[in-house]
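Please look over the structure below.

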Amino acid sequence: MKEQPCTEERFRKDTAKHVMTVVRNDGVHRHIRFKRPRESAYWFDLITWPGTLCIDGDMGTYVFRRIEDMFEFFRTDQDYYNKSGRADKLAINLGYWSEKLQAPKPDAATEYSAEKFAEHVIEAFNAWVEENKPDPENSTADQRSEFDMAKGELWSELENDVLRFANDGEIRSYDAANKFSSAIAPGFNMDDCWEWDNKEYTFDFIWCCYAITWGIQKFDSAITPKAEGT
């Protein structure tokens, strides 16, 4: 069974017992570790040097590059959340952040989604139905019945010849859609399927984005001097 997308709730559960250890804190040179005492599950390090942030750990390694202090870069979206009344939520910006990946390459943050592929097939089917359905006021009962039968047969063909390949990977699913033709609906085709966006962000990348935001929050809370009397 395909793993469900990572949620903030799932991330917070995974890190509920994590303890922060500041290994190094020298300007933009930082090494901060988060892990459960005496356990290694879901541990991660945040390491920064001028212009770069690396998150490394149990959920993978990602290196980002954008500005001199990358903590400032990743604080931006959380600051917006804080100012808009969503301070209790972790702000992540998957699209923009993935563009700043240096290693692995940005396309490693995404993977083929059978669900999104199926959605595109359904959209193509619905578009054909909308374009070809008889006008209720200018068609006979026989014409409408004939169309309903054609619509049902076309959907059955799509299920058998295309959608059953959705879970067989990107190449096989695209090939099935591209080659599909139907005697029932001669005008129906999906030869533009290679232009479909069938990608979704990987579980590990989403998890690590939450980890970056959360880790920076923990670090900021620990090093920010408290006012007297608080």
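## Burial and surface

This is a predicted model. Of the 230 residues in the protein, 39% are buried. The accessible surface amounts to about 13500 Å². Carbon and sulfur atoms account for 48% of that surface.

## Overall form

The protein contains seven helices and eight strands. Its radius of gyration is 25 Å. For 230 residues the globule rule gives 17 Å, and the value here is well over that, so the protein is more spread out than a compact globule.

The spans of the C-alpha trace can be read alongside this. Along the principal axes they are about 85 × 35 × 35 Å. Take the contacts between residues at least 6 apart in sequence: 55% of them join residues at least 24 apart.

## Helices H2 and H7

Helix H2 covers residues 70-83, and helix H7 covers residues 203-223. Their axes come within 10 Å and cross at roughly 100 degrees. Angles of 65 to 115 degrees count as roughly perpendicular, so H2 is roughly perpendicular to H7.

Which residues of H2 and H7 meet? From H2 come Phe71, Phe74, Arg75 and Gln78. From H7 come Ile212, Thr213, Ile216, Gln217, Phe219 and Asp220. By type, the residues of this contact divide into five nonpolar, three polar and two charged.

Definitions and conventions
Residues numbered from 1 in each chain as written. Predicted model: local features only at pLDDT ≥ 70, side-chain atom pairs only at ≥ 80, totals over all residues. Heavy atoms only, no water. Axes fitted to C-alpha atoms, helices over the stretch in contact; angles between N-to-C directions. Helix = DSSP H or I, 4+ residues; strand = E, 2+ residues; numbered from the N terminus. Parallel < 35°, antiparallel > 145°, perpendicular 65-115°, else oblique. Contact = heavy atoms within 4.5 Å. Nonpolar A, V, L, I, M, F, W, Y, C, P; charged D, E, K, R; others polar. Rg over C-alpha atoms; globule rule 2.2 N^0.38 Å. Buried < 20%, exposed > 50% of the residue type's maximum accessible area, 1.4 Å probe, protein only. Areas by Shrake-Rupley, 256 points an atom, 1.4 Å probe, with all protein chains shown as cover.
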